[in-house]
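Please read the following alongside the sequence and the 3D view. The text goes through helix contacts and then turns to a database record.

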Amino acid sequence: MSSLTDVFEVGSDLPAVTAPPRAPRAKHGRLLWLRITVAVVITVVMAFPLYWMLLTAFSTRADLYAPGLHLWPRHLTLDNFIQPFRDFPVWRWFGNSLFITVMTTIITVVCNLLAGYAFAKLRFRGRNALFLVLLSTMMIPPQAIIVPQFKLSVGLGLYGSLWSVILPESAVIFGVFLARQFFIAIPDELIEAARVDGAGQFRAFRSVVLPLCKPLLAVLILLTFMGEWNAFGWPLVALSGDQNQFTLPIGIVADLQGQYTSNYGAIMAINLLMILPIVILFVAFQKYFVEGLARSGLK
């Protein structure tokens, strides 16, 4: 009994083990509310231009020119959507923009994938030097090459046609850079295994590499589609003055926006319809878009 007592007495002198102090819940709650507040403020700031576009598109011209700030239309109207389609070939503009954008996107994505794969996985003399030369062309402003590009378009007999916009806008170097960065992360062992099984270079690319490129495809498609859909400068130069050849951006500026007065309601209504394809495309590819940017090395 005395030995047990001694043990307990000795154990009683040991320091008590205490749990590490917890951070106050109040501090975590304040940080959470601060993050929510900042997110709400940023969301409101970014969404307000879209809301103002909606407000303008559904407001009458009298309400738009009325004094004071109005955050809700006094008289809802659909005339801003009906009048442009009645007076101008908006559907033709939409078809021209869609054809140019889809064809440019297809050609650009195919060229970027093949060029990016070649710079990442093929070994040939001058590969890095050629890639640096191509990257250096990104520093040239687009305005600096409009005149040579226009002369080339006229010399090839493309001026005034939709192909005069499609071909010069295809195979953007930034897409080649993205594709190369993505393909570098793919292990060479996968390609070598396909080569050992008898697959050629193109079949290895098609059967092994291409199925892994969904994130990259989403990034290239979205960036190319958005850039070409909103393009204004080169289509304005390359297309003739025929109203039936206009794209949506050119038609909005040329016909809906006048020199002395503009129908802002109609302009905003057409712009709303114009951003719908981009919004739908982004929602459909959002998951792969974010993953593709992360895996391509962009921060």
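The axes of helix 10 (residues 188-196) and helix 11 cross at roughly 125 degrees and come within 9 Å. Helices here are DSSP runs of H or I with at least four residues, strands are runs of E with at least two, and both are numbered from the N terminus. Axes are lines fitted to C-alpha atoms, for helices over the stretch in contact, and angles run from 0 to 180 degrees between N-to-C directions. Helix 10 and helix 11 are therefore oblique to each other; angles under 35 degrees count as roughly parallel, over 145 as roughly antiparallel, 65 to 115 as roughly perpendicular and the rest as oblique.

In this pair, L190, I191, A194 and R195 of helix 10 meet Q201, A204, V208 and V209 of helix 11, where contact means heavy atoms within 4.5 Å.

The model is predicted: local features need pLDDT of at least 70, side-chain atom pairs count only at pLDDT 80 or more, and totals for chains, interfaces and linings use all residues. Residues are numbered from 1 along each chain as its sequence is written, and side-chain values use heavy atoms, without hydrogens and water.

Helix 11 (residues 201-209) also packs against helix 5 (residues 90-121), at an angle of about 110 degrees and with the axes 12 Å apart. That makes helix 5 roughly perpendicular to helix 11. L113, L114 and Y117 in helix 5 meet Q201, F205 and V209 in helix 11.

An unreviewed UniProt entry lists several spans as "transmembrane region", including 32-54 and 204-226; such annotations may be inferred rather than shown by experiment, feature names are shortened, and positions follow the numbering used here. Residues 32-54 are 100% helix and 0% strand, with end C-alpha atoms 32 Å apart.
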